[in-house]
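The sequence and the structure come first, and the description follows.

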Amino acid sequence: MADLERTQVTDTVKGKAKDKNYHSNSIIDSRQEYSMLEKKMIYFAINQLDISLQNVQRDLFNDICFKIPVSAFGEDYSFKTLKTAINKITNRSITGGDNEKQHAFSINPFPFAEVKNGMVELVMYSKAVPLFIDLKIRGYTSYELDIALSLKSVYSQRLYELLGRFKDTGRWYVEIERFKFLLGIDKEKSFNGTLANGRLKEIVINPAMKELAEKTDLEFDYCFEKTGRKYTAITFIIKTKKLLKFIKTQDAKQDILTVTRQLREMPANEHMPTIIQALSDYKFSYKQKENIKRDEKMISEFFRVHLDIIAGVVEIRKDKTSYMASVLMPLGLNK
């Protein structure tokens, strides 16, 4: 009853989910054991958190209460499943710190949770608030809420958070024991012993690698590192989709330069069949095609743009014939 009375005087935050989450790296670097549903609850709470600090008055307890529709979690969760989740989330602690600085902390961020009338009410303890929102002091990772919610594995979600911190540097070196600690699996028997690394690959890393590549802006490779005869660390090589597209584009451009040079060096009677074949991909009139075939400058430019289109170096907003015509008309292509 005391807990119920307490929630009545806490700040309440409602509203639409924002596009971005800003997740404290202090929290990301902590040990977590949350289930998929618990993580979803926390994602929605974090998403609303910065709004609450700007628009509500603090009460005596300085806690914040979030109300989240059950339907927002994206699946038809039974009452039993929801009940289990709120029982567990209120008993889980987050531990972390920095051994070198002799700093350690352990905190239960969510001391109260309730499911009622199709809503989940989640209270964040005031002492936990700075760990989540202190943007001026701590570094934050930005990630899309809908992406985080779309991931089906809690390991994928956790790796998305962890790897997102290092996407600018492209590399994350982490000791295996530290990695297991961050994923909350360091105390599980299946991830300890002689077969532990194999299980890490099979159960955690490889499925997450596949899911992140399919659903997020991140892709990664990894390798286990040895100290002496024992594997002691993992190096993750992180690439964003934007970077991968850039790399592929640069490779395509190099291929285009090579092919274009080869075509220019070919005698006219040898490259004409190639020109005719390429022109068949466009809806030019017979007169326009003849116009292109008789002009060396237009042929050269036509092939350059044609190869760009094939390689995906340029994005066509309308049809490719109109795009090609707009490029060739300044060189004399008739209408």
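In helix H7, Tyr155, Arg158, Leu159 and Leu162 meet Phe179, Leu182 and Leu183 of helix H8, where contact means heavy atoms within 4.5 Å. Sorted by class, this contact of H7 with H8 has six nonpolar residues, no polar and one charged. In this sorting Ala, Val, Leu, Ile, Met, Phe, Trp, Tyr, Cys and Pro count as nonpolar, Asp, Glu, Lys and Arg as charged, and the others, Gly among them, as polar. H7 passes H8 in a right-handed crossing; a crossing is left-handed if the near helix is turned anticlockwise from the far one by less than a right angle, and right-handed if clockwise.

The model is predicted: local features need pLDDT of at least 70, side-chain atom pairs count only at pLDDT 80 or more, and totals for chains, interfaces and linings use all residues. Residues are numbered from 1 along each chain as its sequence is written, and side-chain values use heavy atoms, with hydrogens and water left out.

The chain has 14 helices and 11 strands. Helices (H or I, at least four residues) and strands (E, at least two) are DSSP runs, numbered from the N terminus. Of the 335 residues of the chain, 43% count as buried. Buried means under 20% relative accessible area, exposed over 50%, and partly exposed in between, with a 1.4 Å probe and protein chains only. Among contacts in the chain with a separation of 6 or more, 66% are between residues 24 or more positions apart.

**Helix packing**

Two packed helices are described by the angle between their axes and the distance between the axes. Axes are lines fitted to C-alpha atoms, for helices over the stretch in contact, and angles run from 0 to 180 degrees between N-to-C directions.

| Helix pair | Angle | Axis distance |
|---|---|---|
| H7 and H8 | roughly 115° | within 10 Å |
| H7 and H9 | about 75° | 9 Å |
| H8 and H9 | roughly 40° | within 13 Å |

H7 covers residues 154-164 and H9 residues 196-215, and their angle is about 75°. That makes H7 roughly perpendicular to H9. Angles under 35 degrees count as roughly parallel, over 145 as roughly antiparallel, 65 to 115 as roughly perpendicular and the rest as oblique. On the H7 side, Tyr155, Ser156, Leu159, Tyr160 and Leu163 take part, and they meet Ile203, Val204, Ile205, Pro207, Ala208, Glu211 and Leu212 of H9. The contact of H7 with H9 has 10 nonpolar, one polar and one charged residues.

H8, residues 176-183, crosses H9 at roughly 40°. The two helices are therefore oblique to each other, and H8 passes H9 in a left-handed crossing. Ile176, Phe179, Lys180 and Leu183 of H8 make the contact with Asn197, Leu200, Val204 and Ile205 of H9. These residues divide into six nonpolar, one polar and one charged.

H7 also holds Gln157. Is Gln157 buried or exposed? Gln157 is buried, with a relative accessible area of 0%. Beyond its neighbours within four places in sequence, Gln157 is in contact with Met36, Lys39, Tyr43, Ala148, Leu149 and Leu151.

**Nonpolar cores**

A nonpolar core is a set of buried Ala, Val, Leu, Ile, Met, Phe, Trp, Tyr and Cys residues joined through side-chain atoms within 4.5 Å. The largest has 34 residues, of which Met41, Phe73, Leu82, Ile89, Phe110 and Met124 touch the most other members. Elements that each supply at least two residues of this core include helix H3 (36-55), strand S3 (64-69) and helix H4 (79-89). H3 gives the most, with eight residues. Not counting residues up to four places away in sequence, Phe73 touches Leu37, Lys40, Met41, Phe44, Ile68, Leu82 and Val120. Apart from this core lies another, of 27 residues, among them Val174, Leu182, Phe191 and Leu218.

**Single residues**

Gln102 has a phi near 55°, a positive value in a residue other than glycine. Gln102 sits in the loop between strand S4 (94-98) and S5 and is exposed, with a relative accessible area of 76%. Asn117 also has a positive phi, near 55°. Asn117 lies in the loop between S6 and S7 and counts as exposed at 74% relative accessibility.

Lys289 is found in helix H12 (residues 286-293) and counts as partly exposed at 24% relative accessibility. The C-alpha atoms of Lys289 and Leu333 are separated by 9.0 Å, with the two residues 44 residues apart along the chain.
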